[in-house]
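Thank you all for coming.

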Amino acid sequence: MLATIGIASEDALFSAVPRAAYNTGAIDLPAHSPEFLVEAHMRALSGKNRAAGDGPFFVGAGAYRHHVPATVDHLIQRSEWLTAYTPYQPEISQGTLQMLFEFQTQVAKLTGMDVANASLYDGSTGTAEAVLMARRLTRKKKLVLSGGLHPHYRDVVKAYLKDDPDLVCLPASPQGQGDILDHIDDQTAAIVIQTPDFYGHLRDLQKAADTAHAKGALLIVVVTEVVSLGLLEAPGTFGADIVVAEGQSIGNALNFGGPYVGLMATRKDFVRQMPGRLCGETVDAEGKRGFVLTLSTREQHIRREKATSNICTNSGLCALAFTIHMSLLGEAGLTRLARLNHARAIALADALAKVPGVEVLNKTFFNEFTIRVGKPAAGVIEALAQRNVLAGVPVSRLEPAKPELENLIVLAATELTTDADIAALANGLKEVLA
Amino acid sequence: MSMNTQGRPTGIGTLSAASTGSALIPDEPLLFEIGDTNHSGVDLPDVEIDDSRLGGFGRKTKLDLAGLTEPEAMRHYVRLSRMNYSIDSGMYPLGSCTMKHNPRLNEKMARLPGFSDVHPLQPVSTVQGALELMSQLSHWLMTLTNTAAVSLTPKAGAHGELCGMMAIHAAQQARGQGHRSVVLVPESAHGTNPATAAFLGYTVKPVPAREDGTVDVEAVKAALGPDVAAIMLTNPNTCGLFEPQVIEIARAVHDAGAFFYCDGANFNAIMGVVRPGDLGIDAMHINLHKTFSTPHGGGGPGAGPVVLSEALAPFAPVPFVRKANGGLELVEHSEGEALGRITAFHGQMGMYVRALTYMLSHGGDGLARAARDAVLNANYIKARLQDAFSVSFPDYPAMHEVLFDDSSLAGTGVSTLDFAKAMIDEGYHPMTMYFPLVVHGAMLIEPTESESKQTLDAFCDTMLALAADARGNDKERFTGAPTRAPRRRLDETRAARSPKLRWEPEEAAPAAAAE
């Protein structure tokens, strides 16, 4: 090969590299290693973590442990899905494109909206993109975030908007209380409401939509537990303008926080201000139905500094897992799954309400709710972890230095939560709180 | 038991198109055309709830979501998959995208329950192995780049750019230099660079390229000023060249009180060979899905960790892992003037596992070897194709990719796009086209280290044959291509003019019948 290139040594290929920065020697890193040793190394690391399936588990707060059918993981590991590139060459990417079209349709139906995009990184970055989209659409600045919005989501919006004076973040509302509607005025671009909210409460979207629209503001609805849409009325029915959701619950494992899949849906009229990839139907030169990435004049590779967002990647493989799992569920399966989740959460709430020193804060919830205990929650969670019960998330982990939130725990139940798990938690709490 | 029919002679015309070799890629209806809202492939108990806590917010409208049984779903998504090109089935000479082989050990490791079945908000005491993995990955990335810190959290390359530029913004603010409002971006940059700068409110000022395809330090100096916050420079650049004056550029940028953001999309050319920290960069994202072999998955998920210089390290976003009390702790809340949080939770753990598996497998020596092989392969292609194609910037050796323009096609009536579509008929994914924008009809070819000499020769033979044919009489072979793919050329104008972004029953029914 060197002869064909016409050089004597491969070093000549790096002739443009300043000599001071050119390294031909060893690097201070371990040398290559056979597969069995790498596997042993990784297994040792994995073994130091307590997997969710290793015992009672009630951690939610934006990521949920659900059963993923074996078919999903088998299919997404097929070469043609796993190792395909972004479908910019539609003639040889119809698999990915048709799947994205199915995904967009599923998301639109689930949220009750006209259209959905081909996915974003996750729900939190999707929320930040949604508020920016609302500003473009309304040409107004003010944004109001509900006190029930996931604190991480709020923090991401704050980071994206830097020190924006027009961003109003309402204080945490663990009782499901809120005065967000009082903050809507003529300058308001959008209000952001999560339901079920971070503390598990279900929020009244109809009133929010009506109040926002009366002032020319948009309603952005955030859903972090997408399974809830199997049992709860779709945000679109109430008049939501943009719906953002974390889609992890369907098809995707917990993965210590990522990769996940952000869902975004909106009204037909707003689609040209939507960030991210979109797949659309068309025909080929022979008139056959086919699919392409479309409306790319919104995107960075065409519009550069005038793009709606800098986003390049979507969450393709996670969207595929979502679509396959959702196809396996269908309306009948999703409804059952959601009902099962709700039933398990009711059983959990009723059991914990009987534990002395535990107060359940929620009147309404789907599969997650908040309890107040008589001690700082972080210590309670740690003590239960010592008993191999992962009892939920202490609110103080996300909202530190707020005494009014210090004793609160957010807990989730899913179809995987057994009666024995619930009994173990109730007994553990009795001991720890005694 | 059904009758065993295996071994029976196959009668002509008795098989459906879907099961014959001559039509391995059948058309496949949409899920909504074959499924039914009552079909489900998941067996779940149907529980009754008497004391619902939904407070009147229960669903009253129908979901109308079609379901499939397990065999239906398997066949539907297997059939769809067969309409995709993939690395496992062929070469992607796709410049700037580094489509290398995805080792399957990565996938196996990512599915260990200690990684896949752990929650980001579990007590930190129960995830010490996960933090250790993040710490090890950080060590590899910092060592390979000779930088002081790394933020693992960005979800993708463009998110990494955002993260790095936010850190630069925070650092400028802390220095009392928040008024700096301009970001310099060379014309050859990826679209994400100007998009990121604009997203953060910066004014983008282009820096012209020299005729040899590299950035002129004098042009940078001329563009620098008290209003410039940073330069975003890709190195090796998108013309496939190592910027020979990069150290001088870094010095000039720093002297002017600005920061040097390096787009690390092309790190595969230099990993283990050049440490970007030695060149004077302040921030650089690394696409784990390019350089470190995590799968592209048909367009994501990616992962875009950002390495940071000493000056920017204090401004990294949360969370990050640090040593404390003999263990590892996860810092989840910003202190001081850092930029805060750019995503929920801790980033793309599933990708960290895959990337570290790849690093450990290759070792420091293997990574350097991979970079050198990638560069060797690109230069081999350049050498073999240079007489038939027009090398845009012949003055320097190519790095891991080589850029051609369309002057060799002048007068043939065949465009870069036509040529690329004809490659599909020969079994190849097209090269990157019309990018970078600095040359006419760009064709950017990146073979990666994964390809053998045999594969490269076959590819070059095909390219040379196509180039010869382009000068012949059969234009239709190019302008009508592809003819051997699951679809002929698709009408993108129609898709954009009247967007149809979801399935609707009444319109789709006749189309389905026609197939």
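Chain A is divided into domain 1, covering 53-69 + 331-433, and domain 2, covering 70-325, and these bounds come from an automatic or database domain assignment. Please keep in mind that this is a predicted model, in which local features need pLDDT of at least 70 and side-chain atom pairs count only at pLDDT 80 or more, while totals for chains, interfaces and linings use all residues. Residues are numbered from 1 along each chain as its sequence is written, and chains are lettered from A and ligands numbered from 1 in the order in which they are written.

Taken over C-alpha atoms, the centres of domain 1 of chain A and domain 2 of chain A are separated by 27 Å. The contact between them takes 31 residues from domain 1 of chain A and 32 residues from domain 2 of chain A, where two residues are in contact if their C-beta atoms, placed from the backbone, lie within 7 Å. On the side of domain 1 of chain A that touches domain 2 of chain A, H11(A) gives the most, with seven residues; helices here are DSSP runs of H or I with at least four residues, strands are runs of E with at least two, and both are numbered from the N terminus. By class, that side of domain 1 of chain A has 17 nonpolar, nine polar and five charged residues, counting Ala, Val, Leu, Ile, Met, Phe, Trp, Tyr, Cys and Pro as nonpolar, Asp, Glu, Lys and Arg as charged, and the others, Gly among them, as polar.

Let me stay with H11(A) for a moment. Helix H5 (residues 94-111) of chain A and helix H11 (residues 316-353) of chain A pack at an angle of about 65°, with their axes 9 Å apart; the axes are lines fitted to C-alpha atoms, for helices over the stretch in contact, and angles run from 0 to 180 degrees between N-to-C directions. H5(A) passes H11(A) in a left-handed crossing, meaning that the near helix is turned anticlockwise from the far one by less than a right angle, whereas clockwise would be right-handed. Among the residues that meet there are Met99(A) and Phe103(A) in H5(A), and Leu320(A) and Met326(A) in H11(A).

How do the domains of chain B compare in layout? For chain B the assignment gives domain 1 (105-360) and domain 2 (367-486), and their C-alpha centres lie 30 Å apart. Their contact takes 19 residues from domain 1 of chain B and 22 residues from domain 2 of chain B.The two chains also meet each other, in a contact that takes 165 residues from chain B and 161 residues from chain A. Helix H11 (residues 349-385) of chain B supplies the largest share of the side of chain B that touches chain A, namely 19 residues.

Not counting residues up to four places away in sequence, Pro317(B) touches several residues, including Ala159(A), Cys163(B) and Arg341(B).
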